[in-house]
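Thanks for coming, everyone. Please bring up the structure on your screens, and let's walk through it together.

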Amino acid sequence: MKEFYTMKRIRYIWLLMVLLMTSSCGELFEFEELEGNSLSGVQLSYDAVDIMVGDSVFFQAEVQPAGAGVSYTWSLKGDTSLYDWEGYWLHAVRQGHVDVYVEAANVDSLGDLEAVVKDTCAVNIFEWIDYEYPDDFLYETVVYASLQVNGEEVKDSLGKIQLVAIADDRVRCHAKMNTAYGVSYLTLRIGSFWPGETARIQCYLPEQYKRFDLGEIILDGSTKGTLSNLVKFECGFNN
C-alpha cells in the first residue's frame with residue numbers, strides 16, 4: 001500500500017513538471033507520451049486580442065478530443081485595474097496588457113489525474129483619445145480613400161469599423177463614409193500645425209478584436225486621392 005501511494009506521488013510530480021515546462025499562445029498541445037489519455041489539448045477562442053477601452057470580449061475554450069470530460073481553471077495575469085472579469089467576459093477598463101490563461105484537466109475512472117493541458121491569449125487594451133482643440137490646427141490635409149477588410153471593399157457604411165489618423169498620441173480625425181456619383185469613398189480631414197507633420201492611419205475591427213497600422217501620411221496641407229484614384233487602405237488577417 002505504501003509503495004502504491006509512492007508511485008502515485010511520483011506520477012503527480014511528473015505531470016507537474018510537464019505542466020511547468022510547457023507554455024503556448026494560441027497553440028494546441030499534444031501529449032503523445034501520456035499513453036491512453038483521452039485529453040490531448042485545449043485551445044482558446046483567440047490567440048491574441050486587440051480591444052479598445054470600453055469594449056468587451058467573451059472567451060471560450062475547446063478541448064481535443066471534443067466532448068472529453070474536463071474541468072477548467074481560468075486565471076489572468078496583469079494589473080487588475082486594467083479590466084473587469086465576469087462570467088468569461090473581459091471588460092477593458094484601462095490601457096495595458098493582460099494575459100488570459102486556461103488550464104484543462106481530466107481524470108480516469110479511478111479519480112486519478114490523466115492529463116493537464118493549457119493555453120494562453122495575449123490581450124492588448126488600447127485607448128484612442130481625440131485631440132481636444134481641433135480649431136488650433138493651421139493646416140488641413142484631405143485624404144479621399146477606400147478601405148478593404150479581409151479582401152472586401154467597405155461600402156455605404158463603416159458600421160462598427162473605425163479608421164483614424166493619429167499624431168502625437170492623439171486622434172486628429174475619424175474617417176467618414178461618403179457617396180458621390182455612385183462611388184462610395186472615405187474622407188479624412190487631418191489637421192496639423194505645420195507642413196511636414198506625419199500621422200499614422202490605424203483601423204480597428206471590433207468584431208474581430210484586431211487593430212491594424214496602415215501606414216503613414218505626410219500632412220502637407222494638400223489633397224491626396226480623387227474619386228477616380230482613391231488612396232487604398234487594406235487590413236485583415238492577411239495583412
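Let me start with a question: is lysine 160 buried or exposed? Lysine 160 is exposed, because its relative accessible area is 58%. The cut-offs are these: buried is under 20% relative accessible area, exposed is over 50%, and partly exposed is in between, with a 1.4 Å probe and protein chains only.

A word on the ground rules. This is a predicted model, in which local features need pLDDT of at least 70 and side-chain atom pairs count only at pLDDT 80 or more, while totals for chains, interfaces and linings use all residues. Residues are numbered from 1 along each chain as its sequence is written, and side-chain values use heavy atoms, with hydrogens and water left out.

Stay with lysine 160. Its salt-bridge partner is glutamate 207, with the closest N and O atoms 4.0 Å apart. By salt bridge I mean a side-chain nitrogen of Lys or Arg within 4 Å of a carboxyl oxygen of Asp or Glu. Glutamate 207 sits in the loop between β16 (197-205) and β17 (210-219), and lysine 160 in the loop between β11 and β12 (162-167), so the pair ties together parts that are 47 residues apart in sequence. Strands here are DSSP runs of E, at least two residues, numbered from the N terminus. Glutamate 207 is exposed too, at 63% relative accessibility.

How many salt bridges does a search of the whole structure find? It finds eight. One of them joins aspartate 79 to arginine 94, with the closest N and O atoms 3.9 Å apart. That pair links distant parts of the chain, 15 residues apart: aspartate 79 is in the loop between β5 (71-77) and β6 (83-86), and arginine 94 is in the loop between β7 and β8 (96-107). Aspartate 79 is partly exposed at 41%. Arginine 94 is partly exposed, also at 41%. Next, aspartate 220 meets lysine 224 at 3.3 Å, N to O. Aspartate 220 is partly exposed, at 35%. Then there is a network: salt bridges link Asp168, Arg172 and Glu197.

On to the rings. A pair of aromatic rings is described by the distance of the centres and the angle of the planes. Rings of Phe, Tyr and Trp (its six-membered ring) pair if their centres lie within 6.5 Å; planes under 30 degrees apart are stacked, over 60 edge-to-face, and the rest tilted. The structure holds 15 such pairs. Take phenylalanine 58 and tryptophan 89: the centres are 5.2 Å apart and the planes at 50 degrees, so the pair is tilted. Phenylalanine 58 belongs to strand β3 (residues 56-58) and tryptophan 89 to strand β7 (residues 89-92), so this pair ties together parts 31 residues apart in sequence. Both are partly exposed: phenylalanine 58 at 29%, tryptophan 89 at 36%.

Ring pairs link Tyr46, Phe59, Trp74, Trp85, Tyr88 and Tyr209. Elsewhere, the charged end of arginine 211 sits over the ring of phenylalanine 126, 4.2 Å from its centre. That label needs NZ of Lys or CZ of Arg within 6 Å of the ring centre and within 35 degrees of the ring normal.

Last stop, strand β10. Which strands does it pair with? Pairing needs at least two DSSP bridges between two strands. Seven bridges join β10 to strand β15 (residues 183-192), running antiparallel. There, glutamate 140 has glycine 191 as its bridge partner. With β18 the sense is parallel, over two bridges, and valine 142 stands opposite threonine 223. With β19 it is parallel again, over five bridges; serine 146 stands opposite lysine 232. Strand β11 (residues 152-153) pairs antiparallel with β10 over two bridges. β10 and β11 form a hairpin with two residues between them, and asparagine 150 in the turn has a positive phi of about 50 degrees.

One more residue in β10 to find on your screens: tyrosine 139, in the strand spanning residues 139-149. Tyrosine 139 is partly exposed, at 37%.

Technical notes
Helix = DSSP H or I, 4+ residues; strand = E, 2+ residues; numbered from the N terminus.
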